[in-house]
Amino acid sequence: MSKENVVISETSVVTPKAIGIIVAPNGATKTTSTHSALPITPTQIADTVEACLHQGAAMVHLHSRDAQGKHSLEIADNINTYRAVKERVGNDIVVQLTTEAVGQYSPEQQMLLVKAVKPEAASFAIKELIPNDNHNETARGFFHWVAEQSIIPQYIVYSVNELKRYLDLIENQILPEQNHHLLLVLGRYNDQLLSNPTDLLPYFPYLQQLSCRWAVCAFGSLELHSLTAAALLGGDVRIGFENNHLDVFGHPAISNDQQVKQLKDLLTQLNIGTYDANEYRNLIIQ
């Protein structure tokens, strides 16, 4: 764990100097019937990313949609969305492409997307890309290619057991050691998609083994509480309509950028700074 991350002893917690804010503005399954401000088209997504950038986001987690507004890993859809965002914000925010399968795409299709688009960054759910040991050698070749291309990988885990497996994959050189970013998803498999700050506790012994930056996203009404706990522990935080489109009172949030602003304001009150995109890249790329 880097020196800039939190250090915990038996008696004290040292607040981290700064962390990165990631925004996930739409996700794979929500529609405008979920929230009228949910971005669907490439232009709407680019508008949202630009607004979130101005409120303090250092990275965006992109989900592309097809012409009918449905989740898509099709190459053309993703190129359109990725280019629309890059043309709007350039290098002022780290642009990360999702490979989330949502039960519709195979590991081969997920990998083909990244090879075709070659985004600056991409997210990979361990359980999807490497569902069992039979996929180890294919995964080894792909993820080492990702490293060679200087694509920033974010590995996603949903449980402590998946985090243990992630560490084993590094130890066995299935995953290369450099340039990792890790995302812990809280509340995805809890009743009613509800996270809680205490969900972080089982992870803590393993987080101390990490040499990379880690982040948290959280489902449900306690999202902000969970993200605050993660930030105090030195973790980066991901917010946005993908995981939660409600405010702390259970009412529809105004917009993704309003969520980012609210989070940054809270971090400022806790004396935790936030990185811009260039600072964030330099921290992740080792």
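## Surroundings of His245

Leaving aside residues up to four places away in sequence, His245 touches Lys30, Thr34, His35, His251, Pro252, Ala253 and Gln259. The model in which these contacts occur is a predicted one. His245 itself is located in the loop between β9 (236–239) and α9 (256–269). With Lys30 there is a polar contact, made side chain to side chain at 3.1 Å. The relative accessibility of His245 is 16%, so this residue counts as buried.

## Nonpolar cores

The largest nonpolar core comprises 68 residues, of which Tyr166, Leu182 and Trp214 touch the most other members. Helix α6 (residues 160–171) contributes most to this core, supplying six residues. Another core lies apart from it and has 19 residues, including Met59, Ile152, Ile156 and Ala277. In soluble globular proteins, nonpolar side chains tend to be buried together.

What does Leu182 touch, if residues up to four places away in sequence are not counted? Its contacts are Gln154, Tyr155, Val157, Leu163, Tyr166, Leu210, Cys212, Arg213, Trp214 and Ala215.

## Aromatic pairs and the cluster

Eight aromatic pairs are present in the structure. The ring centres of Phe142 and Phe143 are 5.0 Å apart and the planes stand at 70 degrees, so this pair is edge-to-face. Phe142 and Phe143 are both buried. For Phe142 and Trp145, the centres are 6.1 Å apart and the planes at 25 degrees; the pair is therefore stacked. A pair of aromatic rings is described by the distance of the centres and the angle of the planes.

Phe142 and Trp145 both belong to helix α5 (residues 136–148), and because they are three residues apart there, about one helical turn separates them. Phe142 has a relative accessibility of 3% and so counts as buried. Trp145 is likewise buried, at a relative accessible area of 18%. One aromatic cluster is formed by Phe124, Phe142, Phe143, Trp145, Tyr155 and Tyr166. Of these, Tyr166 is also among the residues that touch the most other members of the largest nonpolar core.

## Charges over rings

Two tyrosine rings are considered here. Over the ring of Tyr158 sits the charged end of Lys127, 4.3 Å from the ring centre. Arg188 lies over the face of Tyr189, with a distance of 5.0 Å to the centre of that ring.

## Pro42 in helix α1

Pro42 is part of helix α1 (residues 42–54). Its relative accessible area is 27%, so Pro42 is partly exposed. When neighbours within four places in sequence are set aside, Pro42 is in contact with Asn80, Thr81 and Ala84. The C-alpha atoms of Pro42 and Arg65 are separated by 8.2 Å, the two residues being 23 residues apart along the chain.

## Positive phi outside glycine

Ser150 is not a glycine, yet has a positive phi of about 60 degrees. Ser150 is situated in the loop between α5 and β6 (152–157). Is Ser150 buried or exposed? With a relative accessible area of 52%, Ser150 is exposed.

Asn271, although not a glycine, has a positive phi of about 65 degrees. Its position is in the loop between α9 and β10 (273–274). Asn271 is exposed, having a relative accessible area of 65%.

Technical notes
Residues are numbered from 1 along each chain as its sequence is written. This is a predicted model: local features need pLDDT of at least 70, side-chain atom pairs count only at pLDDT 80 or more; totals for chains, interfaces and linings use all residues. Side-chain values use heavy atoms; hydrogens and water are left out. A nonpolar core is a set of buried Ala, Val, Leu, Ile, Met, Phe, Trp, Tyr and Cys residues joined through side-chain atoms within 4.5 Å. Buried means under 20% relative accessible area, exposed over 50%, partly exposed in between (1.4 Å probe, protein chains only). Helices (H or I, at least four residues) and strands (E, at least two) are DSSP runs, numbered from the N terminus. Contact means heavy atoms within 4.5 Å. Rings of Phe, Tyr and Trp (its six-membered ring) pair if their centres lie within 6.5 Å; planes under 30 degrees apart count as stacked, over 60 as edge-to-face and the rest as tilted. A charge sits over a ring if NZ of Lys or CZ of Arg is within 6 Å of the ring centre and within 35 degrees of the ring normal. A polar contact is a pair of N or O atoms within 3.5 Å; within protein, one must be able to donate a hydrogen and the other to accept it, and residues adjacent in sequence count only if both atoms are side-chain atoms.
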